[in-house]
Every structure is written in C-alpha cells, then in structure tokens.
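I opened my notebook today to look up a few things in this protein. Come along and follow my entries.

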Amino acid sequence: MSVLLTLTLAALTSLPAPTPAAPALATPTLGGTTWTLQTVQPVGSAPITPGARLIRPTLTLTGSGADLTLGGSTGCSPLSGAARLGTTGPLKTATLLLRGVQGGSSQNCPDAALSLREDYLTLLRATTRYDLSGDTLTLIAGKGRLTFRAPGASAPAPTNTGASMNTSLNGAWTALRLSAAGRDVPTSGLLSVTFDGPKVTLGGSVGCNALRGTGALLGSPARVTFGPVSSTRMACPPAQAKAETALLSLLRAPLAVTQAGTTLTLSGAAGTLTLTRGPQPAATPTPMPTAPDPAATYTLTRVNGAPAPATARPVSLTFQDSRVGGVDGCNNVGAPYALRGTVSGGAVLSLTGPAFTTRMACPEAGVNLIGLLDRAPTLTVQGAAGRGQILTLTVSATADAPAERWEFQAR
C-alpha cells in the first residue's frame, strides 16, 4: 500500500499547475475615482463633446459616508467644493447635491476654454442626481447633463470599420431634398456630405447659417451617426430657420443609409435627406451676413484709424459656440451673442445674455470692450477664413457716445 500511495502522489505532483484566472477589472466607484468629462449638455442643447485641443475637465469625490469633498479641474483652473449623497422617493433615486462649487481663477484659461468652463460650473452647481453605470458617470441637472468616464475606460468599438466598410459611398454627395413629417422642406444654399471609409463629414447650408459636422458610417445594415453639428449664429428668415431646424433634428439620431445608383438617402425618425453624386445643382442665392471664423482669435490692430493702444495683454476676440469671448487688455470677457440682419454689408452683433468679466487688478490703460459690444456694433469680415482675415466692428454716433471703428486681425 505504501508503494501505491507513493506512485499516486508522484503522479499528482507531476500535473501542470492550473492557470490562474485573469483578475477581474474593478468597477469604478463614485468616490475615489478621477472622472474625466466626455460630454456637456447645457439645458436646451444637444450633448457637446469638448474640442480636441481643450484639456478635459475632471471631477473627484473623496471622503466617506454621505458627506464628500469635491475636487478636480475645469480644464484650466482648479475645482473645489463639497458634496452630499442621499436618496429620494419610493424608488430610492440616488441624489447628489454639490455645494460651494468654485472654479478658481480663470486668468490662465485660454479664450476657447472659457465657454466650456462656464457651462461646466453652471451644471455642477445645478446637479441634483447622478447615475453610475459601469465606467460611465452622469450628473443630472434638470434637463442638463454632464457625462464622465473613468480612467482606462474605452469607448465601445464600432460594429464595422476599415476595409470591411462599404467603400462604394466614398466621395462627395450633394443634398437634393430635405423632408420632415412626410413633407418637403424648402432649402437654400448648398449642403454636401462626404464619405471616406467610416469617416463622414458634412458642410454647407440649407438656410442662412454655415453648418459643419463629422460622423461615422457603421454597422450592417449601414447607418450614419453624426456628432454635434457646429453652426454660425445668424438670425434667419422663418423659412430658412425652419429648414435648419429640420436638418439639425434629423442629424441628432442614427440614420439608415440607402443607395440606388447615383441617389443616396439618409432616413431617420425626424425625416429624410436625399443626396446625389451627380453634378451639383446651382445654389439658391442667399443674402447672408459675413460670419467670423470660429477657429480664429482676432487681435485688435486699430481703433478709429489709429494703432491699437498698448495694453498689459493683447485685446482680442473669439467667436465660438454662440459666445463671443476675449481679452479687454487685462481681464477675460465673454457673453452669448447672435448675428442679426444685414447692415452695410455686415451683420449686427447683438448680445443675447449678460456679459461676464474676470476681476483682476489692472493698470488704468485698457479698452472698454464690453461697452463696445453692448452698443450692438455692425460686424464685417474681409478675406478668407484663417490667418490675416480682417474683422471690423463699427458703431454710429449717438447723443451719448461717439462713432467708433475697431479693426481686428486673425492671428
């Protein structure tokens, strides 16, 4: 028996050791995780993905129990505050109230980051609930949303990309017809959709504003999904505004793709966009005000014909996401705006909400940039978009203020 036992033990010890199971990925928790902002959705707007050149805001919640400490970044300044967790209602809905939310100084924030910073802080201060699903955290502020992702998380892989994609769509397609609720919607201008493998780009106009967006061609059967579409912000006549609203509503949801020869149809719940690969139809002439380049920073060069005054910081303007921002020579300034109507070949720049300014201690030398914008100046642009383009703001004399003409150049 002892010999048999010895042989059995020897056989068992000669078996290969079992392969250890791969460690399971830890599910992120609300506290102790650095959450990185993916999209911001102000009230009344579609979700917006911050631009690739912007540093993404972050959020951390540290501590134990119901009372936590808020930290992180707005992308260009430190974030601080306090948080309290709880539940409400018969379904025990998770609540999150943020108190004393502060974004630090915006002195080091570039103009392009100010709008994102302001929307981020506004929605944090209004947050009342949260949803934690896997590696995605959503803060809910009424009808506004902030969506975050945990570090190391990756976006879902597309269903079908690369060489397996249908390349017969490659090239530019021109819009022929737009319909909503089963009825054709009259359009003006020229709109094109270009396919390059899985990448889709959109550009042009169906009303009076210039539109630009990107999307992806995915799945089988094929469908197109667009991200946020950027637009200039001019006030259009009712018929043109209706066309733009119909198109933007259509682009918010995935669209089925149907190709028949030289005709391509993008269909969704909100309507249909029909395009052709044939010769482009002549665009309907549309008198439209000139719009500033949203990618440019315009620097003040002349005031009333004289060189711009010397200031601690260059006086500048930017026009992005329906906000005008800039520097008045010392402080950062900004306000929501719209371009309305046509005057002397330009458009009237109207502030559509309160202006803000930082409160740095400044030398006396400076310019009243907000004061100029408050006077609803006429905006004109000369030259192609990009470096060197000239932007001019002019106001007529009134009983209380003289006429002014400020010239800026894109740098």
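**Entry 1: a starting question**

Does arginine 323 count as buried or exposed? I looked it up: arginine 323 counts as buried, because its relative accessibility is 14%. The cut-offs I use are under 20% relative accessible area for buried, over 50% for exposed, and partly exposed in between, with a 1.4 Å probe and protein chains only.

**Entry 2: what kind of model this is**

I noted that this is a predicted model, in which local features need pLDDT of at least 70 and side-chain atom pairs count only at pLDDT 80 or more, while totals for chains, interfaces and linings use all residues. Residues are numbered from 1 along each chain as its sequence is written, and side-chain values use heavy atoms, with hydrogens and water left out.

**Entry 3: the whole chain**

I found 4 helices and 29 strands in the protein chain. These are DSSP runs numbered from the N terminus: helices are H or I with at least four residues, and strands are E with at least two. The protein chain has 411 residues, and 38% of them are buried. I also looked at contacts, meaning heavy atoms within 4.5 Å. Among contacts with a separation of 6 or more, 49% are between residues 24 or more positions apart.

**Entry 4: the partner of arginine 323**

Back to my first residue. Arginine 323 forms a salt bridge with glutamate 118, and their closest N and O atoms are 2.8 Å apart. A salt bridge here is a side-chain nitrogen of Lys or Arg within 4 Å of a carboxyl oxygen of Asp or Glu. This pair links distant parts of the chain: arginine 323 sits in strand β23 and glutamate 118 in helix α2 (residues 111-126), 205 residues apart. Glutamate 118 is partly exposed, with a relative accessible area of 31%.

By this rule I count 5 salt bridges. One of them joins glutamate 404 to arginine 375, with the closest N and O atoms 3.1 Å apart. Glutamate 404 lies in strand β29 and arginine 375 in the loop between α4 and β27, so this pair ties together parts that are 29 residues apart in sequence. Arginine 375 is partly exposed, at a relative accessible area of 24%.

**Entry 5: around strand β22**

Next I followed the strand neighbours. Strand β23 (residues 323-327) is joined to β22 by 5 bridges, and the two run antiparallel. Two strands pair if DSSP finds at least two bridges between them. Glutamine 320 has arginine 323 in β23 as its bridge partner. The hairpin of β22 and β23 has 2 residues between the strands, and there aspartate 321 takes a positive phi near 50°.

β22 also pairs with β20, in the antiparallel sense, over 3 bridges. Threonine 297 has threonine 318 in β22 as its bridge partner. How many of the 5 residues in β22 are buried? I found 4, so I wrote β22 down as mostly covered.

**Entry 6: rings**

I searched the whole structure and found 4 aromatic pairs. Rings of Phe, Tyr and Trp (its six-membered ring) pair if their centres lie within 6.5 Å; planes under 30 degrees apart count as stacked, over 60 as edge-to-face and the rest as tilted. Tyrosine 298 and phenylalanine 319 make an edge-to-face pair, at 6.1 Å centre to centre and 75° between the planes. Tyrosine 298 is in strand β20 and phenylalanine 319 in strand β22, 21 residues apart.

The rings of phenylalanine 319 and tyrosine 337 have centres 5.5 Å apart and planes at 75°, so this pair is edge-to-face. Tyrosine 337 belongs to strand β24. Phenylalanine 319 and tyrosine 337 are both buried. Tyr298, Phe319 and Tyr337 form one aromatic cluster.

**Entry 7: the nonpolar core**

Which residues touch the most other members of the largest nonpolar core? In this core of 30 residues, they are Phe319, Leu349, Leu379, Leu391, Leu393, Trp406 and Phe408. A nonpolar core is a set of buried Ala, Val, Leu, Ile, Met, Phe, Trp, Tyr and Cys residues joined through side-chain atoms within 4.5 Å. Strands β20, β22 and β24 are among the elements that each supply at least two residues. Leaving aside neighbours within four places in sequence, leucine 391 is in contact with residues including Tyr298, Phe319 and Trp406. I also noted a second, separate core of 26 residues, which includes Val193 and Leu211.
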